[in-house]
Structures are given as C-alpha cells and as structure tokens.
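Please keep the sequence and the structure in view while reading.

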Number of protein chains: 2
Amino acid sequence: MSEARLLSLVEALRILPGVGVKSAQRMAFHLLQHDREGAMRLATALDGAVHDIRHCERCHTFTEHTLCDVCADPERDANVLCIVETPADQSALERTGSYKGLYFVLMGRLSPLDGVGVRDIGVGPLLERIEREPAAEVILATSFTAEGEATAHVIGEALKARGITVSRLARGVPAGSELEYVDLSTIAHALADRR
Amino acid sequence: MSEARLLSLVEALRILPGVGVKSAQRMAFHLLQHDREGAMRLATALDGAVHDIRHCERCHTFTEHTLCDVCADPERDANVLCIVETPADQSALERTGSYKGLYFVLMGRLSPLDGVGVRDIGVGPLLERIEREPAAEVILATSFTAEGEATAHVIGEALKARGITVSRLARGVPAGSELEYVDLSTIAHALADRR
C-alpha cells in the first residue's frame, strides 16, 4: 500500500480512538474493496456533523440548535440539575424515564494524569450557569471511578461553597445481581448506605 | 444523543469493520469534542480515496493510476508471478526485499461460509492475465489458514491444468522462535518439508 491517497486514508483513520495502523489498513481495505458507498456516507456524515453540531448554550451537550431538545422542553423541572460527564451518560439517564430535571454535561472528567484539569472540563460554564439559573438541588452523576469521584468532589465542594444542595447518585448492588458475584467494595458501600 | 446529525455520524461510523454502536458513539464523541480538524481530514481522505483509487489493470491491487508502482517498474521480473490475498500481504512481501517478480492481488480469499466463492475473488481476471502475460512460475502466497489453503488449492489446480509451474510459500518454524513454543502442526510441516 504505497499509494499516496491510500496512505492518507490510513493515516486519517488513525485519529479514531482505539484504531492503530493495522486496523486502519483493514478499514481502508474494507471500505475501498467492499463499501465505497458507505465510505462516501461516512465522509458526508463527518462533514455535516463538524459543521452543524455545536454545544447547547444551556447544558453544553451536543446539538444542532441553540438549545438541545431537553433544555428546550418547557416541561422539564428547572429546580433540579443533574451533572454528567458525557452525552452518552445523559442519554442513559434519559432512557430510565425517571428523571424530569435538567442536565449539565461536563464533556469530560478530571484526569490529572492525562493533563485534564478543572479548566478543561466545563466547571467554569457550570458555575456561571448556576448563577444565571439557580437550581434547588444539583445531582452529581459522574462515574464511580477514581476520576469520576474526583470530578464529583471538586464540583460538589464548589457548589456547596455557594450554598447549593448537592447529592450524588446512590452507590449499591446493581439490580438483578446476586450478592455472591458483586465486588466487595460495592457491597461495603451498599451496607454503609442501607436504608 | 438524539440529534439527527449525531445519529447519522454514529450510524455511518458503524460501517467500519469491528465498530459497534458503543465504539461508534465513543468515536463520534471524541471527534466532535477533541478533534474536529481530524474529522475533516478523515472526510477529505475518504472522499479522495473513493474517487481516485481504482484497481491496477495488471495486478488488481489498489492504485491511483492505470498501473501500480510495482507493475509499472520495468526492472521487475515478469517470469515470476506471486499471488496474494490483499495489498497488505503484498506489502509484507515487498518489505522483505527478497522478491523481484510481479504480483497478482486476489482482493479476497475463498470463504464459502461467508458466501465468497471462486467468482468473488479475482480468479477469472488472474487466468486472463496469465493467458495475456504467461509467467514461467506462479508462487501461491495466500494465507496458511483453511480459507487461504482452499484458495491456493483451487488456483493451483486451475494453473496446473494450463501447464504452469506452481509453487507455494514454505511452511515451517518462524524465524527467531523456540521449538518449545511453536504449535505442533507447524513443527510437523517443518519436519515433512525439511531440506
């Protein structure tokens, strides 16, 4: 594969997370040999997304409009604000159908080892938003990983300093699981938070 | 992620081999949040490759021209033809620097279970090429998997029926490996083919 166009395609595919040289070559080969139409669809979709998708002015998630669907919905309860790391996390919460408040999407989480600090996630815009639109309660729904916990801690402290009620998603035994197979730290937390 | 443009991007990314919904979402998120420039480069590369890359008229590999670099090189020995499955396999052989003949790239291998038959790989064009440009020897360099072996068998029989000398890459113990860790079928073949 020494052709310039082919090399640029392989090189360009490597920007995708988790794609190394070998997978990129395999992808380029597959597209050119078996799915040129799909390749053109992908080119168009990339172009369309890059040009039309921006951040929602209210919650910071991806949207094609000024406000995303959730923020634009007058039925949502503006008194509760749920803070998540990514649009995918927001979408998981939405699918439960049991949350009617608004969201703020950080678009990341603290990860000092990867050079992601407080300024790189949307903490500034979050605090501005809270001042502009005060919420009675803020729910921290970041991941239960070391990085997600650190993110929740930093944001929680900043909000508490402003006198805002802050809660965190409950940690406990997942629905449908047998205790025997649940990791010990989860059981310990479920015990401590029993109700 | 309920936005139309975002959904089309996730959908379009799924045409890539080995990419499911979750990875496609992760890729779309990564591109839009961290690498919009890379996404545009990818769109351009896809577009360029689909429009400009075709098959070499002589060996069937990908090229932007009528003939690929190898086929256009007058120094190559036209008496030997090496048959490989993919451009990546051809490139591996080229990197050894020890082959000076020409190639024919099948762009696939027989795989009856996946519905890939003799007509779907370039056997027809290969036989036409052999008639147009007879070679003294044809080396079968398809993979040493069940499918690659079947491909080599079918092509080998067709070529032998036309009175052409056919050889196969040697199968044996890989360079640098300790016998203890080599699989038994490889050792058995290396024993049988000892020289």
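H3(A) and H3(B) pack at an angle of about 150°, with their axes 9 Å apart, where axes are lines fitted to C-alpha atoms, for helices over the stretch in contact, and angles run from 0 to 180 degrees between N-to-C directions. This is a predicted model, in which local features need pLDDT of at least 70 and side-chain atom pairs count only at pLDDT 80 or more, while totals for chains, interfaces and linings use all residues. Residues are numbered from 1 along each chain as its sequence is written, chains are lettered from A and ligands numbered from 1 in the order in which they are written, and side-chain values use heavy atoms, with hydrogens and water left out.

**H3(A) with H3(B)**

- H3(A) and H3(B) are therefore roughly antiparallel to each other, a term for angles over 145 degrees; the helices themselves are DSSP runs (H or I, at least four residues), numbered from the N terminus.
- The crossing of this pair, H3(A) and H3(B), is left-handed, meaning that the near helix is turned anticlockwise from the far one by less than a right angle.
- Among the residues of H3(A) and H3(B) that meet are Met40(A), Leu46(A), Val50(A) and His51(A) on one side and Met40(B), Leu46(B), Val50(B) and His51(B) on the other, contact being heavy atoms within 4.5 Å.
- By class, the contact of H3(A) with H3(B) has 14 nonpolar, two polar and four charged residues, where Ala, Val, Leu, Ile, Met, Phe, Trp, Tyr, Cys and Pro count as nonpolar, Asp, Glu, Lys and Arg as charged, and the others, Gly among them, as polar.

- Helix H1 (residues 4–13) of chain A packs against helix H3 (residues 36–52) of chain B at about 150°, their axes being 9 Å apart, and that makes H1(A) roughly antiparallel to H3(B).
- H1(A) passes H3(B) in a left-handed crossing, and the residues of their contact divide into seven nonpolar, two polar and three charged.
- For H3(A) and H1(B), the axes come within 9 Å and cross at roughly 150°; these two helices are therefore roughly antiparallel to each other.

**The interface as a whole**

- The contact takes 52 residues from chain A and 52 residues from chain B.
- About 4800 Å² is buried between chain A and chain B, of which carbon and sulfur atoms give 69%; buried area is the accessible area (1.4 Å probe) that two parts lose on being put together, summed over both.
- The rule finds two salt bridges across the interface, a salt bridge being a side-chain nitrogen of Lys or Arg within 4 Å of a carboxyl oxygen of Asp or Glu.
- Arg5(B) forms a salt bridge with Asp52(A), with the closest N and O atoms 2.6 Å apart.

Note on methods:
Angles under 35 degrees count as roughly parallel, over 145 as roughly antiparallel, 65 to 115 as roughly perpendicular and the rest as oblique.
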